[in-house]
Amino acid sequence: MPHSAQTHRLVDGPGGRIHLVEEGEGPLVLLVHGFPESWYSWRHQLPVLAEAGYRAVAIDVRGYGRSSKPREVEAYRMTELVADNAAVVRALGAQTATIVGHDWGSGIAANSALLEPDVFTAVGLLSVPYAPRGGPRPTEVFGMIGGPDEEFYVSYFQEPGRAEAEIEPDVRGWLAGFYAALSADTMPSPSDGPSLHFVHRGGRMSDRFTADAGLPSWLTEADLDFYAAEFERTGLTGALNRYRNADRDWEDLTALDGAPIPQPSLFIGGAQDASTTWLADAIKAYPRTLPGLISSHILEGCGHWVQQERAYEVNRLLVEWLRGVHAA
């Protein structure tokens, strides 16, 4: 299906406007990006899903791109983002949708399925495995992951204004370094020193970037230009506010403690992605936590940006899974 078949729309949500890009006709598939990305991270999936007979819709999550950017940190709590997703489905005139998320979008998709099961009838999770709500307060856990000389990157992102001060003077350069550091073909080797997931106290995350890594193979200069232009216009606060709601989400979602996701599900992760290696126990628990799991895949030689690094393979797996879901 030609690229010109894509339609950009703004629809109303509980927190303001939601920008989306849609292509195709058929059962609705809602695509939710992660940090630091946009609807554009699904550029390889939209035409393929449309050609396969689905109405593929990629949103700019609240705080990103052309979607609204409320000022209050608490406006980015998980329950608000789930409400946005349900509002998109209603605005598009649909009753139900399959939801697929990557990175933070994976968590948003999982919670959408849990909180709105009548709306989101199947769920695909990319890069970040599903792990039910539970355990100690998140900020306590993040504090324990760091050490006397380093802090966990989530703790670094949680302090309002701090990461913005690092990123916003050179958005394009920072994004290039961040994308490269988590891509299989450009990520630093363990011998290069500590990973960017740990920030030296008083330092910056970019201190851990590999200076001459170059762009990963999946990212063209034009792709980087697009991402950079979006964040140069919006700033990074809306995107980073997701991290600043970790404890609030933990409190809001108490009723979901340990909850499995019963809907038909899919997981795709990268073998060289810290999200899958650190959360290996969460993947092992899928028979209990994702009882509706249809297929789970770890892509060898793939980093964090799975649907961009391995677009052909991810597209094939998504279409196979969707056909199974909709044939049932």
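Is Arg233 buried, partly exposed or exposed, and what is its relative accessibility?

Analyst: The model is a predicted one. Within it, Arg233 has a relative accessibility of 49%. The limit above which a residue counts as exposed is 50%, and Arg233 is therefore classed as partly exposed.

Arg233 belongs to helix H8. When neighbours within four places in sequence are set aside, Arg233 is in contact with Gly65 and Arg66. Arg66 is 167 residues away from Arg233 along the chain, yet the C-alpha atoms of the two are separated by 9.5 Å.

Helix H8 comprises residues 221-234, and its axis comes within 9 Å of the axis of helix H7, residues 171-181. The two axes cross at roughly 125°, so H7 and H8 are oblique to each other. The crossing of H7 past H8 is right-handed. On the H7 side, the contact is made by Val171, Arg172, Leu175, Ala176 and Tyr179. On the H8 side, Glu221, Leu224, Asp225, Tyr227, Ala228, Phe231 and Glu232 take part. Sorted by class, the residues of this contact comprise 8 nonpolar and 4 charged ones, with no polar residue.

The account now turns to the sheet. Its 8 strands form an open arrangement with mixed pairing, in the order S1-S2-S4-S3-S5-S6-S9-S10. Strand S1 (7-13) and strand S10 (293-299) are the edge strands, each of them pairing on one side only. On average, neighbouring strands of the sheet are turned by 20° against each other, direction ignored.

Helix H2, residues 78-91, packs on this sheet and touches S1, strand S2 (16-23), strand S3 (28-32), strand S4 (55-59), strand S5 (97-102) and strand S6 (120-126). The direction of H2 makes about 115° with that of S1. Helix H3, residues 104-115, lies across S3, S5 and S6 and runs at about 160° to S6.

Two of the strand pairs may be described individually. S5 and S6 run parallel and are joined by 6 bridges; in this pair, Gly101 stands opposite Leu125 in S6. S6 is mostly covered, with 6 of its 7 residues buried. Strand S9, residues 265-270, pairs with S10 in the parallel sense, also over 6 bridges. There, Phe267 stands opposite Ser296 in S10.

Thr98 lies in strand S5. The cut-off for a buried residue is a relative accessible area under 20%, and Thr98, at 1%, therefore counts as buried. Apart from residues up to four places away in sequence, Thr98 touches Leu28, Val29, Leu30, Ala122, Trp321, Leu322 and His326.

Thr277 is found in helix H11, residues 274-278. Its relative accessible area is 45%, so Thr277 is partly exposed. Thr277 and Glu80 are 197 residues apart in sequence, and their C-alpha atoms lie 29 Å apart in space.

To return to the part requested, Arg233 is a partly exposed residue of helix H8, and its contacts beyond the neighbouring sequence are with Gly65 and Arg66.

Definitions and conventions:
Residues numbered from 1 in each chain as written. Predicted model: local features only at pLDDT ≥ 70, side-chain atom pairs only at ≥ 80, totals over all residues. Heavy atoms only, no water. Pairing = 2+ DSSP bridges. Helix = DSSP H or I, 4+ residues; strand = E, 2+ residues; numbered from the N terminus. Axes fitted to C-alpha atoms, helices over the stretch in contact; angles between N-to-C directions. Contact = heavy atoms within 4.5 Å. Parallel < 35°, antiparallel > 145°, perpendicular 65-115°, else oblique. Left-handed = near helix turned anticlockwise from the far one by under 90°. Nonpolar A, V, L, I, M, F, W, Y, C, P; charged D, E, K, R; others polar. Buried < 20%, exposed > 50% of the residue type's maximum accessible area, 1.4 Å probe, protein only.
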